[in-house]
Amino acid sequence: MTDEGIPVVPLKDDAGVAPGMLIPLSKIEHEYALPDPLPDPRGWKVALPDGRRVGEVSDLVVDTDSLVVKYVEVKVDTDVAGDDDIYRLVPVSAARLDDDRELVVIDRLPGISIADTPRHDREAPTVEQERALRTQYEPAVGAGGGSDRGLFDQEHFWGARGAGRPSGPSLVRRARAAPDDDVAEVVVVEEVVVDGVTTPTTIRPGRDSNAERSERRE
């Protein structure tokens, strides 16, 4: 795993998103996906280290400059928030995956309820909201032994899955309904490293020659 984190990878050749944005993965998942061996924690329960449940992962927020996940979007449980449809953002350095229980554990929460952290209206966070998140979470992350990556330590969040991600070609396979029949399409994304730059390339079964890839791009 590199200092740049673990980027989401394109599912097709013409995948693209405007830079300089924070965007939910759900809005770009038709073009981008998490790479193997990372699980998709959307829908997983969210708990504190003592086991108390506080919510559920409703989405992941991606930075379109680096294409890495920066925040976990949490739908807070009603008995914690006192109301329905309360959402909060948690920086990835403040949480970690528990693969065995399909759980996200917020292990670096400030000394307050998650419902009392900066509000999130499911739009891209503003500069002021991100500043408020830093103010509340940075002390907790620092006290928890956070690295020099600050609030966005990918290694802390993804844990063994991230650390075990191979540095060579990475394959992503996503079964999707084919448009004309009931056969699922297998999409393979291969990372090709040229002069130190990693370029994801989409390959579909039966169309993986260099000539055919060039034809698709044209």
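Tutor: D59 and R42 form a salt bridge, with their closest N and O atoms 4.0 Å apart. The term means a side-chain nitrogen of Lys or Arg within 4 Å of a carboxyl oxygen of Asp or Glu. This pair links distant parts of the chain: D59 lies in strand β5 (residues 53-63), R42 in the loop between β3 (32-33) and β4 (45-47), 17 residues apart. Strands are DSSP runs of E, at least two residues, and helices are runs of H or I, at least four, numbered from the N terminus. D59 is buried, at 3% relative accessibility. Buried means under 20% relative accessible area, exposed over 50%, and partly exposed in between (1.4 Å probe, protein chains only).

The model is predicted: local features need pLDDT of at least 70, side-chain atom pairs count only at pLDDT 80 or more, and totals for chains, interfaces and linings use all residues. Residues are numbered from 1 along each chain as its sequence is written, and side-chain values use heavy atoms, leaving out hydrogens and water.

R42 also meets D40 in a salt bridge, at 2.6 Å from N to O. D40 is partly exposed, with a relative accessible area of 27%.

Next, K45 and E56. Their salt bridge has its closest N and O atoms 2.8 Å apart. It too links distant parts of the chain, with K45 in strand β4 and E56 in strand β5, eleven residues apart. K45 is partly exposed at 32% relative accessible area, and E56 is partly exposed at 28%. Shared partners join the salt bridges of E29, D40, R42 and D59 into one network. Across the whole structure, the search finds twelve salt bridges.
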